[in-house]
Structure formats: C-alpha cells, structure tokens
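Dear colleague,

Please find below the structure that I am handing over to you.

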Amino acid sequence: QIVLFLASFQHLEVFMDISQKDNKELNPIIYSNSGVKVKYFSKKQDVFIFRTHWHERIEILMVTDGEMYVTCGTSNTLVKANELIYIPPRMPHHAYTTDSSVKYVALMFDIRSFYNDIEMCHMYLPAVFDNRVQFHNVTSQPDIISCVSEICEKWEENSLAVTAKIYWLLYLMFEYNLADFHKKISRDEAL
C-alpha cells in the first residue's frame with residue numbers, strides 16, 4: 001500500500017472516462033431543505049484526502065487552515081488557507097496533502113435544484129451543469145469567500161436566506177470568476 005501511495009503522488013495527471021460507473025460517487029448526499037450540504041474536514045499531512053471520483057453536483061472546497069492539492073481532470077492545483085476551489089459537475093477529482101495538514105469545508109449542491117422558470121435561470125444554470133460555463137477553479141476573491149462562509153455557517157437553518165445565498169454565490173462566480181461561457185445556439189443561428 002505504501003508503494004502505491006507514493007506512486008500516486010509521482011503521477012499527478014489522472015485521466016478518467018466519466019462513463020466508468022465505478023468512479024462515480026454513489027454515497028447519497030442528503031441536502032437540507034435549502035438545497036445544500038456542508039461538511040467539515042481535518043486531514044493530516046502526507047495523506048490522500050479522497051480518491052478520484054465524480055458526481056453530478058457542484059462542490060466548493062474552502063481551505064480554512066493549511067493547504068492541499070486538488071486535481072480536477074488533468075489540472076493539479078495547490079489550494080491554500082483562505083482560498084477555495086470550484087469543482088464543476090461531472091469533473092473527476094481527487095485531493096491530497098504533502099508537507100502540511102489541512103482543514104477545509106465542503107459546500108455541495110446540485111444546481112438543477114435551483115432551476116426555475118425565470119429566463120436568466122434558463123440561460124445560465126443549465127450551462128453551468130452542462131459545463132458550457134467555465135469558472136477559474138481557485139479564488140480568494142473576498143466577496144465569494146464571504147458568501148461561501150455565510151452559507152456554511154447557516155446551512156442547517158433550512159431558510160430561504162440560505163437558498164438566496166446560493167443564487168448570490170452563482171452571481172458572484174459569474175461576476176468575478178468567469179473564465180468562459182459557451183452559449184448554446186440553434187442550428188439556424190449556426191448556419
């Protein structure tokens with residue numbers, strides 16, 4: 001097991017066909033009435049935090065102390081205290097520590113739970129789920145950090161305020177952290 005552990009650190013690029021069902025996370029997530037789930041973690045140095053997997057929800061990992069490496073697809077990123085990493089739906093990812101222990105919080109939600117009949121939701125939210133929207137993965141932008149912190153503090157209250165904060169977080173991600181947006185166009189528009 002030790003040899004496998006060390007070999008995993010040497011080979012950081014992880015490729016995975018998301019059709020492989022054995023890498024899909026099958027543990028059910030029980031969301032609060034406000035549509036979110038928050039979990040707190042503390043891990044020692046030199047450990048795998050979680051194995052490569054994927055799921056259909058958005059996951060935001062906010063480091064509160066120490067640092068960790070998170071590999072999303074083929075991109076390996078160091079995430080430090082007071083930074084967060086956005087993991088989009090259906091993106092294979094894993095995380096580990098090296099020289100530092102880490103404390104972090106995971107904010108999870110299925111963006112499809114926030115769809116509604118408002119035109120802006122039709123335009124933007126399915127694009128996030130379909131990965132036609134790319135956000136910069138890591139940010140320390142103060143408004144985004146503050147919003148995630150507020151959601152994590154109050155997520156169990158099952159209040160409309162928590163749900164509203166998710167919409168506010170999505171707005172902030174588009175405002176400050178948008179990398180690319182591929183709008184869906186009809187066949188007639190393409191021709």
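Predicted model: local features only at pLDDT ≥ 70, side-chain atom pairs only at ≥ 80, totals over all residues.

Residues are numbered from 1 along each chain as its sequence is written, and side-chain values use heavy atoms, with hydrogens and water left out.

Overall fold

The protein chain has 5 helices and 10 strands; these are DSSP runs numbered from the N terminus, helices being H or I of at least four residues and strands E of at least two. Of its 191 residues, 44% are buried, a term that means under 20% relative accessible area, with exposed over 50% and partly exposed in between (1.4 Å probe, protein chains only). Among contacts (heavy atoms within 4.5 Å) between residues at least 6 apart in sequence, 78% join residues at least 24 apart.

Nonpolar cores

A nonpolar core is a set of buried Ala, Val, Leu, Ile, Met, Phe, Trp, Tyr and Cys residues joined through side-chain atoms within 4.5 Å. The largest has 33 residues, of which Ile60, Leu107, Phe109, Val128, Val148 and Leu169 touch the most other members. Two or more residues of this core come from each of strand 3, strand 5 (83-87), strand 7, helix 2, strand 8 (133-135), helix 3 and helix 4. Helix 4 provides the largest share, 7 residues. Beyond its neighbours within four places in sequence, valine 148 is in contact with Ile60, Met62, Leu84, Leu107 and Leu169. A second, separate core of 16 residues includes Ile29, Ile49, Ala95 and Val102.

Pockets

On a 1 Å grid over the protein atoms alone, a pocket is an open set of points where a 1.4 Å probe fits, with protein on both sides within 12 Å along at least five of seven lines; its lining residues have an atom within 4 Å of a point. Grid points are joined across faces, edges and corners, and a volume is the space filled by probe spheres set on the points.

The largest pocket holds about 360 Å³ of space. It is lined by 18 residues, and Glu25, Asn27, Phe50, His53 and Arg57 are the closest to its centre. Strand 1 (37-43), strand 2 (48-53), strand 3 (58-72) and strand 7 (102-109) each supply at least two lining residues, with strand 2 giving the most, 4 residues. By class, this lining has 10 nonpolar, 2 polar and 6 charged residues; Ala, Val, Leu, Ile, Met, Phe, Trp, Tyr, Cys and Pro count as nonpolar, Asp, Glu, Lys and Arg as charged, and the others, Gly among them, as polar.

The second largest pocket holds about 220 Å³. Its lining includes Ile118, Met120, Tyr167 and Glu175. Helix 2 (119-129) and helix 4 (160-177) each give two or more residues to this lining, and helix 4 has the largest share, 5 residues. Here the classes are 9 nonpolar, no polar and 1 charged.

Individual residues

Lysine 37 is found in strand 1. Its C-alpha atom is separated by 5.2 Å from that of methionine 108, 71 residues apart along the chain.

Glutamine 141 lies in the loop between strand 9 (138-139) and helix 3 (142-154). This glutamine counts as buried because its relative accessibility is 17%. The side chain of glutamine 141 reaches the backbone nitrogen of aspartate 143 at 2.8 Å, a polar contact being a pair of N or O atoms within 3.5 Å; within protein, one must be able to donate a hydrogen and the other to accept it, and residues adjacent in sequence count only if both atoms are side-chain atoms.

With kind regards
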